Structures are given as structure tokens and as C-alpha cells.
Amino acid sequence: MVKLLRINFQIFLIIFLFSNLYANSESKVKVFQNNVFIGEINTIQNKKLFSVNDFIEITKSNNFINYKTQKVVFYVDNKKIKISNQVTFIEIEDNLFQLSSKVTNKSGVYYLPTESFFGIIQNLSDSSSIKYTNNEIRFTSISTDKKIVKKNVDLRSEMEKWEFKTIVIDAGHGGKDPGAVGYRGTKEKDIALDVAKRLEKKLSKNMNIKIIMTRDEDVFLRLSERTKIANESNGNLFISIHTNAAEDRRASGFETFLIGPNKNEAAVRVAARENAVLELEGTTDKKLTNEDLIQATIAQSSFASKSEQFASMVQKEIKKRVQSRDRGVKQAGFYVLMGASMPNVLVELGFISNPSEEKKLRSPQYRDQLATAIYRAVEQYQKTL
Ligand SMILES: [Zn+2]
């Protein structure tokens, strides 16, 4: 930057404008009220996230911050907004909306995804009372002339939401987290990765679709990072691949899970085992309550039926191909599915704790059959869209 200052002013200006476009971590969002500049809001990650604290201060919004539960209430455009740290959905006037990424708290400052948050607010506003464009927030507080501008429903973006362009494959566990381990020492993380890779191959060979793998090697990934990858890549379907385990070594079969309130005890045990990695992550305080789950389920209501549809296709296709028990489609509180803003399922391929099923899962042919089954389910699913 020092060198640049020596170059003539015009070049500097151009570079300055460009550097604003590709803004760095210190860039700010300007706020205008009735076309009068009233302040600037700090942002991070290239303006992707903005500081809620700054927003509250500049707009002099009424607010309530609960330091213990890490929930913040504030107002935008006379709408009551409630956010919770580490959660991907927000409450606006008692309705839940899904954000593109979760609420983050960095040393007491709360951050929200800028585009996605203001996108939701703009859609809810009947007039042009608040707008976020060109890294500026403009709002009119008291409009004397009640000019109602017709709400522009962005049909294109609504349609794109359902277009099937990107699929996210999540091989469960990895690195320091082996997942369930069988009697012969077979590790869930290895089976999951192998099936995920086989699935990726089949999809990329046969379908014109972008495939994102949350991991393609033996590395550790936090559960929240997996959903974050999925959301940031604008995935249209999220498949988390796992193998099951139970104390009773006779338990066997394959099942597909959706996120939902805990109703069935066996399903709750599976979810508890799959969520156990949170302790390895050091996020022990994030125990999912039933209330969290009900909220998460509501937040996913717009694609719940798609998730269910895909889940039953997976079950049907696996059943066709392997000799194993069909345990059906179930729901429980899986942390990895919470916050995914696309149809999503978690597949349990079989019980690694059952010696004969473990033996089957160790066979490459068996794993290939499982991958083919999921691939066929994706193919069918696409036809329903
Ligand atoms: Zn697992």
C-alpha cells in the first residue's frame, strides 16, 4: 500500500475503488437513515458478516442481550428480531427464518450473515423501508408520504432454490474421531469415507451435477463445519453417511434419518451417539433440547417433505440391493443436520457392532452396492423436482 500512494492519484483512486469492491476484513457497511449518513457497521469475512452490536448502536434500536443464554433481541424496520448464538435460524415476529450461516459471537460482538439477513428483512418489508445494496444499508424511519412500493417477489431466486445443481456428500467422523468401531476393529469413519467416495464417483460419472465433499480424506471436521460447507456451497441436497452401533450386537439393518423432535427411544440413542463428537470438539454446552429441535424442524419446514421423500428413496434402493434389515425412515435430533438450509438426510448404512454386518461392510462389493443405492436414489429424486 505504501508504494501505491506514490503512484498518481487517479491510479490510486481506481485501486482504492477496487479494494473496496473486494473488501478486506476491516471494511464497513455504511448506514443511511432518510438518506442521511448515520454511521458505519463493522463487518468480518469480506463483509459476509456484520456486527449486530454496531447495528443496534447506530440505529438506536431497542434491544435486549442475555449474556447467559447468548440470545439477542433487537428491532429492524419495527420488526422484533431474536437471534441465538451458534444457531442458523432467527426469529422475526415469532416466525422462524433460515440464515445462510449461523449467528456468531466474537468476544461479545454478535455477527449475522449480511446478505441473507437483509434479504429476509427486505422480503418481509411491505415498502422500500429498508434496503441493503452496494454495501450500504438505507432505511426510512418515518415516511410521511406513505408511498407503498409493490413488493418484488424474486421468482428467479425462488426457482433457483429448487434447481438441482449441487449435492453435498458428508462422510461422517474422521481424524481423531473414528466413530463406531466394530469387533474386528473396523472404523465407521473409514466405511463412511469409502462409500462417500464411491458415491461421488458414480454421481460425477453419470450426472451433470456439482459435488461437494465435506471431507475426502481422514481428517477431523466439526459437525457445524459440515453444515457450513453445505450452506456456503449453496447445496441442494445434503447426505451425511454413517454406520450404526448398538450395545446389543444382534441389532442390524440400515435406516435413514431426518431431523425432528425426539420421539423414538432407539432413534434418540442413535442421535446421541452421532452427536457425541461435540465433546471432542469441546462444544459440550450445545446439548440439543427438545425445544431447539422443534425450532430447527420448523426452520426446515420448507424442505422437510423433500428430505422425507429422498430418505424413503434411499431406503427403497438399499433394500433392493443388499441382504439387510430395512429399519425405515426415522427422525431424531442430529446436530449435523440442524441448520442445513437444503433437503438433508443422515444414512446409517448398517451396524458395525453386529459382527456379521461388520463383515459385510468390510467388503468393497457390499460398500459399492450401498453407494449405487444412494446414487440411484439421487437420480430418482432429481426426477421428482
Ligand atoms: Zn456416525
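Two strands pair if DSSP finds at least two bridges between them. Strands themselves are DSSP runs of E with at least two residues, and helices are runs of H or I with at least four, both numbered from the N terminus. With that in place, take Ile 167. Its bridge partner in strand S14 is Ile 211. In strand S15, Ile 167 stands opposite Leu 237.

Some ground rules. This is a predicted model: local features need pLDDT of at least 70, side-chain atom pairs count only at pLDDT 80 or more, and totals for chains, interfaces and linings use all residues. Residues are numbered from 1 along each chain as its sequence is written.

Now the overall picture. The protein has 13 helices and 18 strands. Of its 385 residues, 38% count as buried. Buried means 20 or more other C-beta atoms within 10 Å of the residue's own; exposed means 12 or fewer, partly exposed is in between, and C-beta atoms are placed from the backbone. Contacts next. Two residues are in contact if their C-beta atoms, placed from the backbone, lie within 7 Å. Among contacts with a separation of 6 or more, 67% link residues 24 or more positions apart.

Back to S13, residues 166–171. Five of its six residues are buried, so the strand is largely enclosed by the rest of the structure. S13 pairs with S14, residues 210–213, in the parallel sense over four bridges. S13 also runs parallel to S15, residues 237–244, with five bridges joining them.

Next, an antiparallel sheet. Five strands form an open sheet in the order S4-S5-S6-S7-S8. S4 (63–66) and S8 (95–98) stand at the edges with a single partner strand each, so one side of each has no neighbour in the sheet. Inside that order, S5 (residues 71–76) and S6 (residues 79–84) pair antiparallel over six bridges. Tyr 75 has Lys 80 in S6 as its bridge partner.

Last, confidence. pLDDT is the predictor's confidence in each residue, from 0 to 100. The protein averages 85, and 85% of the residues score at least 70. Where pLDDT is low, the predicted coordinates should not be read in detail.
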